[in-house]
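The sequence and structure come before the details.

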Amino acid sequence: MAARILKGEKLEQEMARLEAMAEYEKEYDACTYICGIDEAGRGPLAGPVAAGAVVLPKGCRILYLNDSKKLSEKRREELFLEIKEKAVAWNVGLATPARIDEINILQATYEAMREAVKGLSVKPEVLLNDAVTIPGLEGVQVPIIKGDAKSLSIAAASILAKVTRDHMMAEYEELFPGYGFAKHKGYGTAAHIAAIRELGPCPIHRRSFIRNIVQADTYE
C-alpha cells in the first residue's frame with residue numbers, strides 16, 4: 001500500500017532514509033540473525049513495561065519505518081502488522097507493575113528485554129539495543145543512543161513494544177474505567193493524576209511511582 005503512495009523523488013528520499021537507518025545492520029551483515037531491541041512504558045504511572053525484539057530479513061526495507069514516537073497512531077498500527085508479517089522472528093516481553101515495584105523500573109525493563117529475546121524462534125548473534133547493554137544475554141550487544149531513530153531493527157522493535165502496550169492499556173480502560181487509560185496510556189497527565197486522587201489507585205498502578213500522589217495507606 002505504501003509503495004503505491006510514494007512515487008518518484010519522494011520514494012527515492014524515503015528509500016535513502018531507510019538505507020541510512022540500515023547502516024548498523026549492514027555492519028554485521030556476516031551474521032545470520034541481527035535483533036533489534038527497544039522498550040515502551042518506562043515512564044508511566046500505570047501498566048506494564050514492554051520490550052520488543054525483532055529480527056528482520058536481510059535487505060528488508062519497510063516504508064515509513066521509524067522511531068515509534070515520530071509516527072501517528074494510525075501509521076504505527078499499519079507498521080505493527082507489516083513488521084509482524086515480514087519479520088524472521090519477533091516477540092514482546094512484559095514486566096508487570098508489581099514486578100516494577102519489586103525490582104525497580106530499570107531491572108524490570110531488562111527482565112522484559114531478556115524475555116523478549118529468549119522468546120524468539122531464532123537465536124540472534126547480534127543485539128542492537130536502544131542505548132542499553134542488557135545483563136544476562138549472550139552474544140554481541142551494540143548499545144545505540146537514540147537507536148530507534150538510527151536502526152531499522154530497533155525502530156521495528158519500538159513499534160512492536162509501543163503498539164502492544166497501547167493495546168493492553170485500552171483493554172485496561174474496560175477493566176478499570178474512570179482513569180482514561182485508553183487515552184493517556186498510563187502516563188502522568190493532569191487528568192490521570194486527578195483520577196488517582198479521586199478514585200484511588202487501581203491494581204495496575206505502580207505503587208512506587210505514585211507515592212507522592214496518594215498516601216501509601218490508601219492502597220496497602
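## Loop residues with positive phi

Lys 146 lies in the loop between strand 5 (140–144) and helix 7; helices (H or I, at least four residues) and strands (E, at least two) are DSSP runs, numbered from the N terminus. Its phi is near 55 degrees, a positive value in a residue other than glycine. Lys 146 counts as exposed because its relative accessibility is 60%, where buried means under 20% relative accessible area, exposed over 50% and partly exposed in between (1.4 Å probe, protein chains only).

The model is predicted: local features need pLDDT of at least 70, side-chain atom pairs count only at pLDDT 80 or more, and totals for chains, interfaces and linings use all residues. Residues are numbered from 1 along each chain as its sequence is written, and side-chain values use heavy atoms, with hydrogens and water left out.

Asn 104 also has a positive phi in a residue other than glycine, near 85 degrees. Asn 104 is found in the loop between helix 5 and helix 6 (105–118), and with a relative accessible area of 40% it is partly exposed.

## Helix 4 against helix 7

The axes of helix 4 (residues 73–86) and helix 7 (residues 152–175) come within 9 Å and cross at roughly 115 degrees. Axes are lines fitted to C-alpha atoms, for helices over the stretch in contact, and angles run from 0 to 180 degrees between N-to-C directions. Helix 4 contributes Arg 76, Glu 77, Leu 79, Phe 80, Ile 83 and Lys 84 to the contact; the residues from helix 7 include Ala 156, Ile 159, Val 163 and Asp 166. Contact means heavy atoms within 4.5 Å.

By class, this contact has seven nonpolar, two polar and five charged residues. Ala, Val, Leu, Ile, Met, Phe, Trp, Tyr, Cys and Pro count as nonpolar, Asp, Glu, Lys and Arg as charged, and the others, Gly among them, as polar.

## Arg 76

Arg 76, in helix 4, counts as buried because its relative accessibility is 10%. The side chain of Arg 76 reaches two backbone oxygens, that of Leu 71 at 2.8 Å and that of Ser 68 at 3.2 Å. Leaving aside neighbours within four places in sequence, Arg 76 is in contact with Ser 68, Leu 71, Ile 159, Lys 162, Val 163 and Asp 166.

## Nonpolar cores

A nonpolar core is a set of buried Ala, Val, Leu, Ile, Met, Phe, Trp, Tyr and Cys residues joined through side-chain atoms within 4.5 Å. The largest has 26 residues, of which Val 54, Leu 56, Leu 65, Ile 83 and Ile 159 touch the most other members. Helix 2 (8–21), strand 2 (49–55), helix 4 and helix 7 each supply at least two residues of this core. Its largest share, eight residues, comes from helix 7.

Apart from it lies another core, of 22 residues, among them Ala 53, Ala 95, Tyr 110 and Val 117.

## Residues with more accessible area

Glu 102 is in helix 5 (residues 97–103) and is exposed, with a relative accessible area of 58%. A polar contact of 3.0 Å joins its side chain to that of Arg 99; such a contact is a pair of N or O atoms within 3.5 Å, and within protein one must be able to donate a hydrogen and the other to accept it, while residues adjacent in sequence count only if both atoms are side-chain atoms.

Ala 16, found in helix 2, is partly exposed at a relative accessible area of 48%.
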